[in-house]
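Dear colleague,

Please find the structure below, together with its sequence. My notes on it follow directly after.

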Amino acid sequence: MSDEQWHAQELDETFETLETSDEGLSSEEAEKRLEEHGKNEIDSGEEISPFWIFVDQFRDFLVYLLIFAALVSIGVGLFEGHDPEWVDAILIMLILLGNGIFGFFQDYKAEKSIEALRDLSSPNATVLRDGEKQKIDSRNVVPGDIVFLSQGDAIPADVRIIEDSNLETDEAALTGESTQVTKEASVLDEETPLAERTNMAFMNTSAVKGRGKAVVVSTGMETQVGDIAEQITEAEDKETPFEEEVDHLGKQIGYGIMLIIAFVALFQGIFTNASLISVVLVAISLAVAAVPEGLPAVVTLTLALGSKKMLKQNALVRRLPVVESLGSIDVIVTDKTGTLTEDRMTVEKIHYNDSVYNVTGGATGEGGFERDDESVESDELEEILRCGALCNNAEQTTEGEWLGDPTEVAIKVAAQKGDIETDEQRVREIPFSSARKRMTVITDTDTAYMKGAPSYVLERCDRIRIDGEEQELTDDKREQILEQNEAFAEDALRVLGFAKKAIDDREADDEDIENDMIFLGLQGMIDPPREEVKRAVEDCREAGIKVIMATGDNKKTAQAVGEQVGFSPDGALTGTEVEELTDEQLQDRVKETEVFARVSPSHKVRILKALQANGHRVAMTGDGVNDAPALKNSDVGISMGQRGTDVAKQSSDMVLQDDNFVTIRNAIAEGRGIFDNIRKFVSYLLSYNAGEVLLVFFGTLLGSFLFPDIFQEGSEALVLTPVMLLWINLVTDGLPALALGADPKVPAIMDRPPRDKDEPVIDKRMFSMIAGIGTLMTVTILPLFFYNLHQGEGMMLAQTMAFTALVVFEMIGIQAIRRVYNMSVFSNKWLWISVAGALGLHLVVLYSPLNTYFQVVPLGLINWLEIGGALLVFFILVEGLIKIQDRIFVTR
């Protein structure tokens, strides 16, 4: 960021430093400066590197183990009389390459989606070039450009104000201040803090009122926003709990298999006459059997499918593992404006003619007026509605979009509902200021219309309009109006007063024009809650998720809106009160408090840390630049797609494209369903991998005693060869596992509490399932293997029988795992298509020339009947296992 104190310089000095003037730059000079300073955009960090995304796919402990197994397969050729096991090595490497390519495309596509989102959000800027106003892409704005600002414009860069006409900006995204800031062309003290630099406007803020002219002093990463973005970029990305868990699981599998290999090698070396080659080949087989080669691809695909589902529901996931993390969230800290509410101010009540009217139709131009629950004609309110429509700077474009202050837009929409025709022309305006708290306009009918804070309007009035007649505004009447104002405020309404009078001299002093007015009434407005939010909040609470509202609005408004959508207003805390609490006290208060008001981004960070210190997994929403630290440090950071700043989006894990709380609820439900699917296929893959390990392990040990002459040398010393195991793990395991990732979520998924923070992917029931199925497979397939070997049918047939039985068992046993989650047999058509495909591919291996490479033989009818008998035994045993589990564990 530039070290220049732009706010403390005289304008001439600023122009001199920037080598520009109030006439702006030439197009040629602007091009030169664009090359020198670069695009006016926030750097998202390191550029997306396809190479490093690809390399990252192979940074995994299990991958290292398989690479080692491939190298050992080739290294066998170093022994005299033995050839390298090229088929095994090439297959292992091809599988690793395939997984890597698959993961690369998913991750690269996710990064590109975010890049595209950022490109779409780039606004235009109006600049003075070659002496003419031009609209350009704000990314092409350069230091020294003269820019024009008007209400509704995004401030394209950091600028110094040259001219102002009632210019006000919304700087909440940068400073956290929720009130609008009045701007003026002045010189300030060097020590003036950022939030009080009224002669500056900053990138990622917006003009909400008036007009202005300014000179660009900083662009891109040199702006105030860029400085914050740079700090965020330097922060290290954290691993999600799921990423840590998968990494831990991989290491556990790796260490476990190394221990088994060491034990088998020691056993063979002491108790058998097995050669070193035999020991090495057994080690390779065990490594290949233990490693679920398909797991990385299945995890990636399942998370990608989940992110695709979420995108259809307006939730853009920036990091795939976050899809699962959403399912374990047990606290949501949400903003109010736009997330719980519609983000559109709406007039709901009008006090006029000693009566209170309700305004129907919400923020649209449709609707009407009611008094005492009965519809009334808009003619009854014509005078106050006309006053609001004329004393107003909001505008509607030809496309129907409103521009201007949200409060003024609400007043104009109310006038639309009354079919008010504003055919009078404004000839003069006495603008609003923070000191006057009122605004007055004069029309060509010589009528002055005023609106403003009720007490400030009342002090300018001496009469009141009742039943079409002017009456004296007595002290009692004033008190009644102020009481009505207070009643509206208690309902969290923002209230404005309205007045009018006829004038004789349009050029009279402001003081004369704004005196002796006729008071008309009050209009109360609010940003109403979204209709669907209350149900969504209830759903989250029923699912065991605590929902907290943290807003910059005042306490009364926060409590009133919160109560409408299901938050308890009791014990609400303000940001000032949060500051007064110690960390320990705040940890205690967040256990009960549901509403936080007048909070800044720094307060949000403290609330987040207090919740995390209490052991919660927290999702937090944010839209401003200063929300970035909270988004970055939360377990799931959620930014707003419509009103969120680029810095907030880049710091978040998920972007809500519709800014709607309901989308968070839906995303959490998807996350839970995805975690269920992850558990299913992890259980499936590891159960049968355990069976493969036990088959090779006990087959080798028992074979060394039962058939010592056979279990001595080469591939004949193995129950299953590495090629067979790779085929099973990748194809006959992999295809159904991929399809499991597409299993639908159960209907009652939001009726159960979130999983405990310390609950692993592999829980006790799942571990017993893995160990149980692996053991049952071994005790049913090994007898089949040794029976055929004992019958003198040859090692190749025995291996083929074990190979085929394993494939068939896995295809049938998959439903046993789904039953734990109450999934019906035909609820996932892709699963059974994949099962049929996997069985079909296996038959191709058995009955085509491919059987030469797999060292298998075609099976006859008797062989299939033997496998069928073993399958029946296996099915009965698995049913018994599930019933035992149902008695021990609580079913889902």
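Predicted model: local features only at pLDDT ≥ 70, side-chain atom pairs only at ≥ 80, totals over all residues.

Residues are numbered from 1 along each chain as its sequence is written, and side-chain values use heavy atoms, with hydrogens and water left out.

Helices (H or I, at least four residues) and strands (E, at least two) are DSSP runs, numbered from the N terminus. Two strands are taken to pair if DSSP finds at least two bridges between them.

An open sheet of mixed pairing is formed by eight strands, in the order 8-28-27-26-9-23-25-24. Its edges are strand 8 (315-317) and strand 24 (573-574); each has a single partner strand, so one side of each lacks a neighbour in the sheet. Within the sheet, strand 27 (residues 636-640) pairs with strand 28 (residues 654-656) in the parallel sense over three bridges. Ser-639 has Val-655 in strand 28 as its bridge partner.

Strand 10 (residues 346-352) is largely enclosed by the rest of the structure, because five of its seven residues are buried (buried means under 20% relative accessible area, exposed over 50%, and partly exposed in between, with a 1.4 Å probe and protein chains only). Strands 10 and 11 form a hairpin with two residues between them, and Asn-353 in the turn has a positive phi of about 55 degrees.

In helix 17 (residues 533-542), the buried residues are Val-533, Ala-536, Val-537, Asp-539 and Cys-540. They lie on the same side of helix 17, because they cover an arc of only 160 degrees around the axis (the arc is that of the directions from the helix axis to the C-beta atoms). These buried residues pack against strand 9 (331-334), strand 23 (546-550) and helix 24 (661-706), where contact means heavy atoms within 4.5 Å. Gly-544, which follows helix 17, has a positive phi near 80 degrees.

Finally, Ile-90 is found in helix 5 (residues 86-120) and is partly exposed, with a relative accessible area of 46%.

With kind regards
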